[in-house]
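Here is a short walk through one predicted model. Keep the coordinates open as you read.

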Amino acid sequence: MRYAAILVLLCASLGSADEVNWPHFRGPAGDGHSSATGLPVEWSETKNIRWKTAIPGKAWSSPVVWGDQIWVTNATPDGHERSAVCVDLASGKIVHDVHLLSVEKPQYAHEMNSHGSPTPAIEAGRVYVHFGSTGTFCLDTATGKPLWSRLDLNCDHHRGAASSPVLFENLLIVAYDGFDYQYLVAFDKHTGETVWRRDRNIAYRIDNGDIKKAYGTCAVIEVNGRPLLIAPSAEATIAHDPRTGEEIWRVRHGGMNVSVTPLYADGRLILNTGAGGLKMLAVDPTGTGDVTETHVLWKYDKVVPTRSSPVLVGKRLFMVNDSGIASCMNVETAKQVWQTRLGGDFSASPIVADGRIYFFDELGRTPVIAPADEYELLADNQLGDGFMASPAVVGKAMILRSRSHLYRVELPQAHAGN
């Protein structure tokens, strides 16, 4: 199938309405897809930039957007100070810069990580920011004032926290997968009180905490009319009832440092296993108990990313691994369709929007490709000092967070008269 045919299918499946809000990591459906149209293909420091705002500090959380507000977390490079920053969507001006806590003895964070890596979750009137075991906060988006906080959850993240919170009904659900403890917590989003907590209870290969840690963000999917919380971790992924925390099934796949978010479509749940293990697998999520021997549909181990999450377009999975090798694979056959070297290192996750796939590397380069069965480079952009955070899309604009700045990338005619 050529590019034009795939583009027609993509636009039909996503609809034509521009994205209004970008409420959590990887967007409205948590899969990197946006329904926005009229986005730029090319940009630079002097082209298609509506505004640029400095965000001093070191934090890799991705931007979330609700209405006219953009929120990110922030931290000093040494981790002693933690904050939340609100930027006005139209002007790029900082509306709130809320200092949340000082940390006398921060946990160690690897240089590839930061002390502000988990992405917030946002809804009307409230934003939820998370710093791993250091603390979780709910803020009033109008005033920036904290409404509740939790500072009592223990976990040695060992190389820094990175799992982002997810909202489901009245719950805020967070994964704590550390060197010492591994568990999930569901907070009452209104009060911050614990509704349920579930230990992982995974039989790890060896008693070494480095094997047990993970950085994955949960996903909530619907299977046969029932919601499932898919919680990736080291060695295994577990499906829970999100309302109660009850375990429904688990699949053992090996691996550690898991950070890639699950993807679900057409009865296939696609999982990455981080460093080691099966690399990537597809699971039929309709089972119960241990489904390792009964519900694994395929396994795949070619140039699979451990940091950047893939995107799914129809029957094709597009991804770029940590060292810049991009590829496309067929999720029905688990066969590679193409592979090419983009160059650079990649940690941020790509997005699918306006019939294109946008990748973002650690030095500020953004290759834009066609979602096709042959590799086709549409543009190769350079901006800022590198992307560790994944983008957001609202209206006809992309909100990009580099290591030091927040950008609104947009065609001039898209905001003419605003």
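Start with the surroundings of Thr 136. Leaving aside neighbours within four places in sequence, this residue is in contact with Val 129, His 130, Trp 148, Ser 149, Arg 150, Leu 172, Tyr 176 and Phe 187. One of these partners, His 130, also makes a polar contact with Thr 136: their side chains are joined at 2.7 Å. Thr 136 belongs to strand 8, which covers residues 136–140. Its relative accessibility is 1%. Buried means under 20%, so Thr 136 counts as buried. For a sense of scale, pick Thr 46. It lies 90 residues from Thr 136 along the chain, and the two C-alpha atoms are 38 Å apart.

Move on to Ser 83. It is found in strand 4, residues 81–88. Ser 83 is buried too, because its relative accessibility is 12% and the limit is 20%. Residues up to four places away in sequence aside, Ser 83 touches Thr 73, Asn 74, Asp 97, Val 98, His 99, Leu 100 and Phe 131.

Where is empty space left? Rolling a probe the size of a water molecule over the atoms shows this. The count comes to 4 cavities of 30 Å³ or more.

Conventions:
Residues numbered from 1 in each chain as written. Predicted model: local features only at pLDDT ≥ 70, side-chain atom pairs only at ≥ 80, totals over all residues. Heavy atoms only, no water. Helix = DSSP H or I, 4+ residues; strand = E, 2+ residues; numbered from the N terminus. Buried < 20%, exposed > 50% of the residue type's maximum accessible area, 1.4 Å probe, protein only. Contact = heavy atoms within 4.5 Å. Polar contact = N/O pair within 3.5 Å; in protein donor to acceptor, adjacent residues only side chain to side chain. 1 Å grid on protein atoms, 1.4 Å probe; cavity = no way out; pocket = protein on both sides within 12 Å on 5 of 7 lines; lining within 4 Å. Points joined across faces, edges and corners; volume = space filled by probe spheres on them.
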